[in-house]
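Please look over the sequence and the structure first.

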Amino acid sequence: MESQTKAIRIEQNGGPEVLKLVTVTVPAPEKNEVTIEQKAIGLNFTDVYCRTGLYPRPLPHGLGFEASGVVKAVGAEVRHLKVGDRVAYGQSPIGAYAEIRNVPGHQVVKIPDGVSFEQAAAIMLKGLTAQYLLRQTYRLQGDETILFHAAAGGVGLIACQWARALGVKLIGTASSPEKATLAKAHGAWEVIDYTRENVADRVSELTGGKKVPVVYDSVGKDTWLTSLDCLQPRGLMVSFGNASGPVQGVNLGILASKGSLYVTRPVLGAYVPTYEKLKQASDELFGLVLEKKITPIIGQRFALKDAGAAQTALVERKTTGSTIFTLG
Ligand code: NDP
């Protein structure tokens with residue numbers, strides 16, 4: 001059965017003013033989909049890239065990839081979900097900024113008892129990202145010291161806690177003493193305030209000159225060279241975001257001159273292409289939440305109608321941890 005919903009749409013790329021809250025019709029789910037009445041929605045930096053057009057998509061379109069809620073209807077081919085299930089997703093077709101929506105069933109998992117809708121919406125995309133970064137892109141064993149930029153952010157605070165759970169020494173970066181304190185409180189071993197200290201020098205000092213085997217860099221353009229300078233010979237640069245702008249025009253020779261380095265530019269979708277992969281990764285994530293090794297940190301909440309203000313706060317570095325949109 002179709003329903004009416006409030007949802008954010010954009011007709012053109014641009015600033016936060018292009019976000020419009022409109023009423024749209026949600027059709028009955030296709031045979032591979034479920035209809036979800038959403039309870040909480042996650043804000044992600046990726047949403048900003050989609051709004052500005054850095055990640056272009058055919059217009060008009062909705063926004064958002066991450067939310068939690070209750071299943072209202074189930075397509076004929078979806079076997080693992082039923083009406084009434086508490087569910088979440090972190091990798092979906094664009095359009096999570098809505099009260100009700102349809103999502104392919106293979107992208108949706110049940111939320112375990114003990115995890116709230118808000119907590120699930122705060123960690124699905126960001127926590128699955130931390131999972132693949134720390135457990136798959138570079139499989140941390142527990143005796144490494146690593147560098148992770150934006151440690152007080154959404155992905156960052158989950159990564160800090162995950163690293164601590166693994167016994168890994170995570171050196172974070174942050175733009176203020178308050179953010180540095182927050183990241184340390186959630187498991188970072190050390191945090192470099194990059195507005196006051198030289199990151200590469202400090203990493204060298206903290207590691208006794210050895211530097212690190214892997215750098216996780218979501219800042220992009222501004223930190224690219226510094227990050228390479230923090231790596232050991234044959235180290236791995238994981239460039240997974242563009243908060244300061246994309247890394248462009250790289251001369252591959254720089255990887256040779258800085259010690260035969262490796263680079264990867266990963267994306268979550270490639271790590272959870274099937275329900276089985278998604279279930280495996282989300283079981284690991286929720287397991288750590290239930291063991292209280294990872295606590296979802298919700299730094300701010302906004303109403304869906306204020307999605308533009310929420311995105312501005314994220315872009316202006318005024319947020320910490322996860323940001324969610326609350327729904328009735
Ligand atoms: P965050 O909460 O981490 O917010 C971004 C943070 O980046 C800011 O708080 C700020 O922290 C830091 N930053 C540094 N330079 C800038 C700048 N010029 N403008 C804005 N922020 C800056 O966001 P998310 O947790 O949502 O995402 C983190 C990153 O991970 C994003 O780049 C995102 O695109 C990426 N990502 C990539 C995925 C993938 O699969 N490839 C999946 C999920 C996220 P500070 O003030 O401390 O510098």
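## Basis

The model is predicted; local features need pLDDT of at least 70, side-chain atom pairs count only at pLDDT 80 or more, and totals for chains, interfaces and linings use all residues. Residue numbers start from 1 along each chain as its sequence is written.

## Domains

The protein is divided into domain 1 (3-123 + 271-326) and domain 2 (141-265), with bounds from an automatic or database domain assignment. Their C-alpha centres lie 27 Å apart. Domain 1 and domain 2 each give 15 residues to the contact, where contact requires C-beta atoms, placed from the backbone, within 7 Å.

## Ligand shell

The shell around the ligand has 30 residues, and Gly153, Gly154, Ser175, Ser218 and Gly241 come nearest. A residue counts as near if its C-beta atom, placed from the backbone, lies within 6 Å. Each domain supplies at least three residues of the shell.

## The sheet

Six strands form an open, parallel sheet in the order β11-β10-β9-β12-β13-β14. Strands are DSSP runs (E, at least two residues) and helices likewise (H or I, at least four), numbered from the N terminus; two strands pair if DSSP finds at least two bridges between them. β11 (190-193) and β14 (262-264) are the edge strands, each pairing on one side only.

Strand β9 (residues 145-148) is joined to β10 (residues 169-174) by four bridges. The helix α3 packs on the sheet and touches β9, β10 and β12 (212-217).

Notes
Contact = placed C-beta atoms within 7 Å. Axes fitted to C-alpha atoms, helices over the stretch in contact; angles between N-to-C directions.
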